[in-house]
Amino acid sequence: MRINTLVLLLALAILHLLVIFAGFIAPYGPSVQNRELPYAPPTRVHFVDTSGFHLRPFVYSQTLTLDSYKEDRTREYPLHLFARGETYTIVGIFRSNIHLFQVAEPPRIFLFGADGYGRDEFSRLLYGGQISLAAGILATLLSLAAGTIIGTISGYYGKWVDESLMGSAELFLSLPWFYFLIAVRAFLPLHLSPVETFLLLICVIGLIGWARPARLVRGVVLSARSRNFVSAARGFGASDLYLLRRHIFPETFGVLLTQAALLVPQYVAAEATLSFFGLGVSEPEPSWGNMLSTLQQYNVLVSYAWLLTPAAALVITSVIYWLLADALHSRLKSHSI
Amino acid sequence: MKYLLRRLLRAALLLIGVSALCFLFTEMAPGSFFDEMRLNPQISPETVTALRARYGLDQPLIVRYSRWMASVVRGDFGYSIAYNSPVAPLLWTRAKNTLLLTGTATFLVWLIAVPLAAWTAASHGRWLDKAAAVVSSVLISVPEIVIAIALLALAVRTRLVPVGGMRSLGFQEFSTWGQIQDIAQRMVLPTAVLVLSSIAVVERHVRASVLEVLQMPYIQAARGLGISRTRLLFRYALPVAANPAISLFGFSLATLLSGSLLVEVVTGWPGLGPLILDATLSRDLLLVIGGVLLSALFMVAGNFIADVLLLAFDPRIRTGESHAN
């Protein structure tokens, strides 16, 4: 059990580090186009040529001939580790131009192929993860914050406050939430700068989902409120705020953590779906959702399998988070009994 | 009777809440169809103002809401500006397709999930149970959009089932049986996505509640009396486990409806989903509100059906012995 949770946390850390250090790991920027290389297939990384095995991997340059790509075997281009390339920033602070690997031009290295504009799918996947994961995590934080505040108020004060708040929670829970999500998005301006859209998405996704955490927190607060130590503290003259902060809020921590692990993948998927529909982050900024939206054309969907990598990234993220939620949940259960 | 009345009242309150919420958003919304129109140099500002007055958009919020509510009750959802036609018939033709899709999917999900759940619960801890648990956790965790895209890719590549739309070319010339076959074939893909994406949740819940019932003393007693395993499971355990499962029914309908929006857009099924998405992109707000309200209506109706089913299944509610929640 313990080892499982550790492995999951490690996987989660790797996933997020990959995405955070996208600038370093990705060989190119997210919007660098190579119009002469549309839908280039994944570049093959070679170790062996006619003269034998090389320790340093190399690639051949690809050229488009009629309708298929050919490798030009006349010249080898070795991979350079920690080479200088395009300038990037990490978390908006650290500027650098050293990349994990680079290939001297003219050939490009597309580990996961290229899209219709000849943009490197691998680089875009990493940069897109920044937007998708950040949207999921921030929206989750927002949901949990709203849910905690409302749930605490509802559970602690009870009576009509509780009834009206939980009534509206039921309203939000019983809505087909995706319709609602789209509707809310419909009432907000369509054409915004990428940053504005991003913040807007987080707010919309996060605020619509307040109801479930609110209900859970309310339940915990309700049971914590009637505990003896809380009554004792009240008897000693503790204020409401002190009671909530010192005795009641810590009780909700486990529930909130499990909820977070459940909500993040849901919200990442929600962001992806909205961007897929063209209601989210728009080109040229990559997000896992808008990278998938080219697949709405059947010929692209069938011909270029490597464009499905964002879907794979979504699956991996979701599976890790879900397993983590499962592990947290069973841990919480065994602790509380 | 009192139980049903209370549930009906709750349903009505829910609907009023949804519609009020939808309408409130319109007020907060910056920009509208006419703002986009105003950017068009070929349309004079006077025309835009006149159009606004004509559609009653210059009235205060509460007036518009009460007017709209009054007309909604009469079955009139307002006027779609982008389609230049009343909203209600637009919605209705699409809603029928969505209902067909979600209805079939719901039916299939429950048809498969309930026996499967009972079976896995009965073989608790054995390989079948474990295999089902693995499959269901995979299905739960994979996002719906990925399932939709993957199945679409599969369908387009293998050409096993036709993709896109609801009817083939020359649909009118088909015989009635041919028409049914055609629609059924085109339903395979969206239905499969919906079923796959929502079956796991249902299976898990039903399994949990059956498992709980199976550990009750009366089941042990029945087993001791030599009642066969199948009869024990389906006649003795399932009806008792039905209560939480039926409560889930309403909820699963919500996820199915939400899911169908996405699935319809991805697979090109002409339901409410594509209509609402287009309306969103062209800022045709009344159409969006109508669509959301209609989907909420389906939801509430589904929940109400679940309540009625509960009444039929659970004698405790009929006698008013326990408080239904």
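**Strands, helices and contacts**

Me: Which residue in β2(A) stands opposite Asp49(A)?

Reply: Gly52(A) stands opposite Asp49(A). Strands here are DSSP runs of E with at least two residues, helices are runs of H or I with at least four residues, and both are numbered from the N terminus. Residues are numbered from 1 along each chain as its sequence is written, while chains are lettered from A, and ligands numbered from 1, in the order in which they are written. This is a predicted model, in which local features need pLDDT of at least 70, side-chain atom pairs count only at pLDDT 80 or more, and totals for chains, interfaces and linings use all residues.

Me: And what is the bridge partner of His46(A) in β2(A)?

Reply: Phe58(A) is the partner of His46(A). Strands β1 (46–49) and β2 (52–65) of chain A pair in the antiparallel sense over 3 bridges; two strands pair if DSSP finds at least two bridges between them.

Me: How many residues join β1(A) to β2(A) in the hairpin?

Reply: The hairpin runs through 2 residues. β2(A) and β3(A) also form a hairpin with 2 residues between them, and Leu66(A) in that turn has a positive phi of about 55 degrees. Thr65(A) has Ser68(A) in β3(A) as its bridge partner.

Me: How many bridges join β2(A) to β3(A)?

Reply: There are 7 bridges between β2(A) and β3(A) (residues 68–90), which run antiparallel. Val59(A), for instance, stands opposite Tyr77(A) in β3(A).

Me: OK, what is the strand order in the sheet?

Reply: In chain A, 4 strands make an open sheet ordered β1-β2-β3-β4, with antiparallel pairing. β1 and β4 (94–103) of chain A are the edge strands, each pairing on one side only. From one strand to the next, the twist averages 60 degrees.

Me: Switching topic. Where is Gly167(A) found?

Reply: In helix α4 of chain A. Gly167(A) lies 125 residues from Pro42(A) in sequence and 53 Å from Pro42(A) in space, C-alpha to C-alpha.

Me: Why is Gly167(A) partly exposed?

Reply: Because 13 other C-beta atoms lie within 10 Å of Gly167(A). With C-beta atoms placed from the backbone, a residue is buried if 20 or more others lie within 10 Å of its own, exposed if 12 or fewer, and partly exposed in between.

Me: What is in chain B, in terms of helices and strands?

Reply: Chain B has 13 helices and 2 strands. Its C-alpha atoms fill a box of roughly 85 × 55 × 40 Å along the principal axes. Of the 325 residues in chain B, 37% are buried.

Me: How is chain B divided into domains?

Reply: Domain 1 of chain B covers 2–87 and domain 2 covers 92–324, with bounds from an automatic or database domain assignment. The C-alpha centres of the two domains of chain B lie 32 Å apart. In their contact, 20 residues of domain 1 of chain B meet 20 residues of domain 2 of chain B. α1(B) gives the most to the domain 1 side, with 10 residues. That side divides into 13 nonpolar, 5 polar and 2 charged residues.

Me: Last one. At what angle do α5 and α8 of chain B pack?

Reply: Helix α5 (87–122) and helix α8 (176–214) of chain B pack at about 35 degrees, with axes 6 Å apart. Their contact has 23 nonpolar, 4 polar and 2 charged residues. Axes are lines fitted to C-alpha atoms, for helices over the stretch in contact, and angles run from 0 to 180 degrees between N-to-C directions.

Definitions and conventions. Nonpolar A, V, L, I, M, F, W, Y, C, P; charged D, E, K, R; others polar. Contact = placed C-beta atoms within 7 Å.
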